[in-house]
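Dear colleague,

I am handing over the model that we spoke about, and I would be grateful if you could look through it with the notes below at hand.

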Amino acid sequence: MVVLERIETFFEIAAGMVTDPVSLAILFGSVLLGIIFGAMPGLTSTLGVALLTALTYSMDTPMAMICLLAIYVGGTYGGSYASILINIPGTAAAAATAMDGYPLAKKGEGGRAIGLTTTASAIGTTVSMLFVVSISPLISNFALEFTSFEFFLLAFFGILISGTLTAPDLVIKGWIAGFLGLFLACIGRDQLQFFPRFTFGITELESGIEVVPVLIGAFGIPQIIDVLRSRTTMPRAEKLQRIIPEIGTVLKNIPAIVRSALIGVGIGAVPGIGEDIAGWVSYGTAKNTSKHPETFGTGELKGVIASETANNACVGGAMIPLLNLGIPGSPPAAMLLGALMLHGVTPGPMITFEHPTFILEVAAILLLASMAMWITGMILAKQVVKVLNIPTPLFMPIIGVLCIIGSYSLGLNIFNLYLMLPVGVICYFLTNMGYPIAPLVIGVILGPMADENLRRALMVSQGSFMPVFQRPVSLLLFIIIVLTILSQLGWYKRLIDRFKAKIFNKSPSRQGK
Amino acid sequence: MIYTDMIEIEKLRKADIFSGTAIFCLGVFAVYQAFQMPMKDSYAGVQNVWYVSPALFPLLIGSTLALLGLILIRTALKEVGVQGVKAVFGYLSSTAFADFLKQPVTIRFYGIVLNLFIFVFLLIPNIDFFLAAILFLLLFFFMFYCGFDERLVGLISKIIGGTFILALYLISDLADKVDTFAYFSADILVIAYIFLLIWHYYQLVKESELIPKFKLSLLIGFLAPFTIGIIFKYFLLVPMPHEGLVVSLLDAIWYAEIWS
């Protein structure tokens, strides 16, 4: 009965959006903007969501969510255009698509490849939407049992796992980035006693650092510096033929699509891990399970399907921890969290009580955004690819102006800019030295939650850490955290190797006996 | 994307020694600051216990950062050794480093960061947003779209010169004194600077194939700030960071009785 009611509410919400011309116009407009952002190398869906956060500040929450989720979905898909036509991924999420997409375009099948990515991306988003609707209530109910210790450990785990999986160099650098984010979150008056921490008498710092301008700085400024500094000239785009939806090819590959979507949702649900990793893991899995792995990299359609389905499925996957636990599943989801906070919505287990239909609204937007993306992709792809001809030195400075006025407009505070720019420049150096930015951002967001819950938990237990070992979920999280840390230590790796070697050596000797 | 030109592993390890040291120092600083916070003593009339102290979390974060910094230094030293550190110091005092500072890619970096900092710290708080944005965009376009690396140093020195004059004008009492009889004097100064810059750049490119790019730069350089600014100011009702000459003119047009 409850399920039927939820389905009914879901369709009511979706119908309400479809029949409202303003919502529809915003949906299609944002999807198109997202596709353009994704298609332009140097611009990412994270940056798109960041810039639109400022523009949607004055909108009501449902309208703002349509705008932000649509640009997220469109941006994730749009990256495939540049991957296929110029062999430069529009976004990191579409990097794996270039492996087979570009060879297809070289063969004169660029239209076919884009048609396929459009359909695969739409399916990926829709599948992930199904997971948002079905899994969210379960996680939400489960999370209601969480106490402060669990929330502290969850935040800690989020930062640690994000640091482990996103570090392009040493894992320890990912952890450092996460802790730097936590340090930034300490700035300002603490939530329990209002004691000023690391404010140095600067009154603007008393209320803590504004999350969204820091996120805009962390994601936008390094991108602007990098693109302008490297002065890359765009290669000429391959010719694009008629866009074909490729429904037949998709139907033939349903098992592969389902597998890729599941990989995307699963990776998206891990805190801080973005669409790029989902795309690569899915591509790798498709190659490893193929009967003809040698065809991958030469224009294999299955390769394009795998990466594009997974990266778009990641969008919904990232929504699951964001909505139910308040932990962003990917960098754009971190931006979304910032935007939601600005609109007075605090994601977490209480969301189903405070905003009973919010998760269904998000699911409905994801479904409609995937449809809008498919329609826009089919009709306007030929026009949108023309943006690939716009030189980056012309649009990057404009993005800079948008980053700056956007950061200022959230709170009408020039101090936000004084914070955003140095953070951006520091993040540029950190990125070039192999430190990932996603854990830092997650640290800034989860810092207050970790701090408050740690002290609240200790207050309840009168300073005892024993509840960590007495409660199953916190014990499980604690064990995972310890194993994650241990797995990076040399002596532990050697111990495990020795253990494995012992087992494997014993087996043949037993057989011999 | 950024990772593609990420410095190679050996250089990375050498850099890790320095970044690790910086992280360690930050961690120690955080711990030191945390010890200045109330731990067990009373604050605002409340008797504290260690587990609700505002110092608890900074202590945890600071000590972990210091530890991670040390581990990073150890990892890096294991790979490059003390010789690696010596080599870095040797490089920093060598002509190779001086050459690196003069490389086009490094000069481009100076130009980008300089323009961003001037825009945020000098222009945005003191100059009309529209004029500030036009100057910011034109400088970037002249540097990276219709310019080449050979002209970059000259352009950067002109930016520094212009900024110095403007900063001096704003910091001294001169701006306030002039404003008593001529409104928006700083804005007018920036307009003069913009036109001087355009004229100067036109002289440089007028007989080259860069003229179409120069024209496009001018078009976008003027059009984009007005599009962005008008959307924020009149549609999203965001007051500009500094409202000067152009905003006053636009206000006069936007709110003119003629429309009502």
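What follows is an account of what was found, taken chain by chain and then residue by residue.

Please keep in mind that this is a predicted model, in which local features need pLDDT of at least 70 and side-chain atom pairs count only at pLDDT 80 or more, while totals for chains, interfaces and linings use all residues. Residues are numbered from 1 along each chain as its sequence is written, and chains are lettered from A and ligands numbered from 1 in the order in which they are written.

Chain A

The secondary structure of chain A consists of 22 helices and two strands, where helices (H or I, at least four residues) and strands (E, at least two) are DSSP runs numbered from the N terminus. Taken along the principal axes, the C-alpha atoms of chain A fill a box of roughly 80 × 70 × 55 Å. Of the 513 residues in chain A, 61% are buried, a residue being buried if 20 or more other C-beta atoms, placed from the backbone, lie within 10 Å of its own, exposed if 12 or fewer do, and partly exposed in between. When contacts in chain A between residues at least 6 apart in sequence are considered, 78% join residues at least 24 apart, with contact meaning that the C-beta atoms, placed from the backbone, lie within 7 Å.

The domain assignment divides chain A into domain 1 (2–470) and domain 2 (471–502), with bounds that come from an automatic or database assignment. The centres of these two domains of chain A, taken over C-alpha atoms, are separated by 30 Å. Their contact takes 16 residues from domain 1 of chain A and 10 residues from domain 2 of chain A. On the domain 1 side, helix H7 (148–166) and helix H20 (466–470) of chain A are the elements that give two or more residues, and H7(A) has the largest share, nine residues.

One helix of chain A deserves a separate word. Helix H16 (residues 358–384) of chain A has 27 residues, yet its end C-alpha atoms are only 32 Å apart, short of the 39 Å that a straight helix would reach at 1.5 Å a residue; the expected span is 1.5 Å times one less than the number of residues. H16(A) bends by about 50 degrees at A:Met378, the bend being the angle between axes fitted to the seven residues ending there and the seven starting there. Because 19 of its 27 residues are buried, H16(A) is largely enclosed by the rest of the structure.

Chain B has 10 helices and two strands, and from the N terminus on its elements run α-β-β-α-α-α-α-α-α-α-α-α. The radius of gyration of chain B is 26 Å, well over the 18 Å that the globule rule gives for 260 residues, so chain B is more spread out than a compact globule. Buried residues make up 31% of the 260 residues in chain B. Chain B is divided into domain 1 (2–95) and domain 2 (103–259), and 39 Å separate the centres of these domains of chain B, taken over C-alpha atoms.

The contact between the chains takes 54 residues from chain A and 60 residues from chain B. Several helices of chain A each supply at least two residues to the side that touches chain B, among them helix H8 (171–186) and helix H19 (438–460), while H17(A) gives the most, with 11 residues.

Two residues

A:Thr97 lies in helix H5 (residues 95–106) of chain A and counts as buried, with 33 C-beta neighbours inside 10 Å. Not counting residues up to four places away in sequence, A:Thr97 touches several residues, including A:Ser80, A:Thr117, A:Gly279 and A:Glu308.

B:Gly111 is placed in helix H4 (residues 104–126) of chain B and is buried, with 24 other C-beta atoms within 10 Å. Leaving aside its neighbours within four places in sequence, B:Gly111 is in contact with B:Met143, B:Leu152 and B:Ile156.

With kind regards

Notes: Contact = placed C-beta atoms within 7 Å. Rg over C-alpha atoms; globule rule 2.2 N^0.38 Å.
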